[in-house]
Amino acid sequence: MIVLGVESSCDETGLALYDTQRGLLAHALYSQIAMHQEYGGVVPELASRDHIQRTIPLLEQVLRESAIERSAIDAIAYTQGPGLAGALLVGASVACGLGLALDRPVLGVHHLEGHLLSPLLSKTPPAFPFVALLISGGHTQLMRVDGVGRYELLGETLDDAAGEAFDKSAKLLGLGYPGGPAISRLAEFGDPGAYDLPRPMLHSKDLNFSFSGLKTAVLTVVKNHTANICEQDKANVARAFVDAIVDVLVAKCLKALKQTGLKRLVIAGGVGANRQLRDALNDAAVKRRFEVFYPELEFCTDNGAMIAFAGAMRLQVHPEAARRDYAFNVRPRWPLHELRPN
């Protein structure tokens, strides 16, 4: 079965073709970062308009690279939510319109399920069950994953997510958009211990997170500089911030593994590309004797491959989930636990 995946939830347009027999055939991605940098963040209306321009050319690109005809597509999966409503509508309308033209079934996919399953696209995929740390955009969640659609929420953020804390703290340091990669790069030049920032909920008895206080601590440090903060101090603050957030994420992951008794940990989502987090988790894995898995770097951010793959996995178990009426709706807010289990 060949599934076309369409991703348009925010500021990246991604299309991909996944074959359940041969694996990923081709994928193409266009990022809107350069367009949104001028505004310091994503402008929803501009994002939606850009998706309109990019989707069809990217479709043609993946068809060329995979050397298949449109008629070879068996089903079409698209991101139904969560995300920006206007951006989601672009991908949904293209997917359903193409499904109607080709007389192929379509399936709405949960964006976070795409991220959650993206490590299975790696050369060494994890086996079920595993604990997953999902850190994407406004989401930071720990999940027990027993199979496709079989997810148990173990803990989640009570306020700012890790990705939001990265972006907001980077903005306080004048690093612009996107903030996460910028503050991580700057942290490499910082002196460890120059600043001592809080580790919110590090020692709580549950598996929840809270990062708004960490962001506020960064704001306090910046405001305490009567003059403009120098570049070295910026690097020191960035280092303290990254060290704090990594300490919390690693500690919660270890606690989740102990609580569930599992020995496999999966990291999914944009923050999963963070080098400091990967280094800390790899060290912990050696000491605590568990396995840790990551998506390929190209699949950490939003992409069409994860949507095509998630759609294919669901259709293998629930072929009736795809439909041919081609009426569509999107779900800008869509809790992952509402997904129907397989």
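Modeller: Buried means under 20% relative accessible area, exposed over 50% and partly exposed in between (1.4 Å probe, protein chains only). This is a predicted model, in which local features need pLDDT of at least 70 and side-chain atom pairs count only at pLDDT 80 or more, while totals for chains, interfaces and linings use all residues. Residues are numbered from 1 along each chain as its sequence is written, and side-chain values use heavy atoms, leaving out hydrogens and water.

Biologist: Are F166 and F241 buried or exposed?

Modeller: F166 lies in helix α5 (residues 162-172) and F241 in helix α8, 75 residues apart, and the pair links distant parts of the chain. Helices (H or I, at least four residues) and strands (E, at least two) are DSSP runs, numbered from the N terminus. Of these two phenylalanines, both are buried.

Biologist: What is the arrangement of the rings of F166 and F241?

Modeller: Rings of Phe, Tyr and Trp (its six-membered ring) pair if their centres lie within 6.5 Å, with planes under 30 degrees apart stacked, over 60 edge-to-face and the rest tilted. Because the rings of F166 and F241 have centres 5.1 Å apart and planes at 90 degrees, the pair is edge-to-face.

Biologist: How many aromatic pairs are there by this rule, and what is the angle between the planes of F128 and F130?

Modeller: The count of aromatic pairs comes to four. F128 and F130 form a stacked pair, with 5.4 Å centre to centre and a plane angle of 20 degrees.

Biologist: Which of these two phenylalanines, F128 or F130, is buried?

Modeller: F128, at a relative accessible area of 31%, is partly exposed. With 0% relative accessibility, the buried residue is F130.

Biologist: What is omega for the peptide bond that joins F128 and P129?

Modeller: P129 is placed in the loop between α4 (111-117) and β6. The peptide bond that joins F128 to this proline is cis, and its omega is about -5 degrees.

Biologist: Why does the span of helix α9 agree with its number of residues, and how far apart are its end C-alpha atoms?

Modeller: The expected span is 1.5 Å times one less than the number of residues. Helix α9 (residues 275-288) has 14 residues and should therefore span 20 Å, which agrees with the distance between its end C-alpha atoms, 20 Å.

Biologist: Which residues of α9 are buried, and which strands are included in what covers them?

Modeller: The buried residues of α9 are Q276, L277, R278, L281, A284 and A285. Their cover includes the helices α6 (179-187) and α8 (231-260), together with the strands β6 (130-136), β9 (264-268) and β10 (291-293).

Biologist: Which residues is D50 in contact with, leaving aside its neighbours within four places in sequence?

Modeller: D50 has its place in helix α2 (residues 44-66) and is buried, with a relative accessible area of 6%. Contact means heavy atoms within 4.5 Å. With the neighbours within four places in sequence left aside, the contacts of D50 are Y30, Q32 and M35.

Biologist: What is the phi of D103?

Modeller: D103 is found in the loop between α3 (85-102) and β5 (106-110), where it is partly exposed at a relative accessible area of 48%. Although D103 is not a glycine, its phi is positive, about 60 degrees.
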